Amino acid sequence: MSKITNNENQLTFYGTDWGGCFLDSTIIARKSVVISAGLGSDTSFDQKLIEQHECFIVGIDPTINSKAEVDKLFSEGILSDQNFKLIR
């Protein structure tokens with residue numbers, strides 16, 4: 001399950017424990033274009049950027065796992081051409 005929590009340094013954690021990381025959310029402008037490398041099979045970090053900041057994500061990952069995950073999320077309507085582009 002994805003989560004957003006704050007730590008004592010005012011950083012926000014985006015994503016799941018496996019596929020997320022802390023980020024100073026004040027540096028992400030609304031509708032930013034974000035290049036995200038090494039997606040694997042967890043796009044929770046990217047999904048939270050889309051959800052919280054309306055970002056457009058350019059995901060870079062050559063693996064079959066990332067393509068399968070992104071295809072699944074597109075078919076479920078979680079990701080779309082309006083907010084995500086996978087580059088293999």
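The following legends describe an overview and several close-up views of a predicted model of one protein chain.

**Figure 1. Overall fold of the protein chain.** The chain contains two helices and six strands, arranged from the N terminus in the order β-β-β-β-α-β-α-β. Of its 88 residues, 40% count as buried. The accessible surface amounts to about 5,400 Å², of which carbon and sulfur atoms supply 53%. Among contacts between residues at least 6 apart in sequence, 52% join residues at least 24 apart.

**Figure 2. The aromatic pair of Phe13 and Phe22.** Rings are counted as paired if their centres lie within 6.5 Å, and by this rule there are three aromatic pairs. One of them joins Phe13 and Phe22, with 5.0 Å from centre to centre and 70 degrees between the planes, an edge-to-face arrangement.

**Figure 3. The aromatic pair of Tyr14 and Phe45.** The ring centres of Tyr14 and Phe45 lie 6.3 Å apart and their planes meet at 75 degrees, so this pair is also edge-to-face. The pair links distant parts of the chain, since Tyr14 belongs to strand S2 (residues 12-15) and Phe45 to helix H1 (residues 44-53), 31 residues apart. Tyr14 is buried, with a relative accessibility of 3%. Phe45 is likewise buried, with a relative accessibility of 14%, which falls under the 20% cut-off for that class.

**Figure 4. Helix H1 and the residue that follows.** Helix H1 is mostly covered, with seven of its 10 residues buried. These buried residues are Ser44, Phe45, Asp46, Lys48, Leu49, Ile50 and His53. In an α-helix, residues three or four places apart point the same way, because there are 3.6 residues a turn. After H1 comes Glu54, which has a positive phi, near 55 degrees.

Figure 5. Ser32 lies in the loop between strand S3 (21-23) and strand S4 (33-37). Its relative accessibility is 19%; Ser32 therefore counts as buried, as the class takes values under 20%. The side chain of Ser32 reaches the backbone oxygen of Ala29 at 2.6 Å. When residues up to four places away in sequence are not counted, Ser32 touches Cys55 and Phe56.

Conventions: Residues are numbered from 1 along each chain as its sequence is written. This is a predicted model: local features need pLDDT of at least 70, side-chain atom pairs count only at pLDDT 80 or more; totals for chains, interfaces and linings use all residues. Side-chain values use heavy atoms; hydrogens and water are left out. Rings of Phe, Tyr and Trp (its six-membered ring) pair if their centres lie within 6.5 Å; planes under 30 degrees apart count as stacked, over 60 as edge-to-face and the rest as tilted. Helices (H or I, at least four residues) and strands (E, at least two) are DSSP runs, numbered from the N terminus. Buried means under 20% relative accessible area, exposed over 50%, partly exposed in between (1.4 Å probe, protein chains only). A polar contact is a pair of N or O atoms within 3.5 Å; within protein, one must be able to donate a hydrogen and the other to accept it, and residues adjacent in sequence count only if both atoms are side-chain atoms. Contact means heavy atoms within 4.5 Å. Accessible areas come from the Shrake-Rupley method with a 1.4 Å probe; for residues, only the protein chains shown count as cover.
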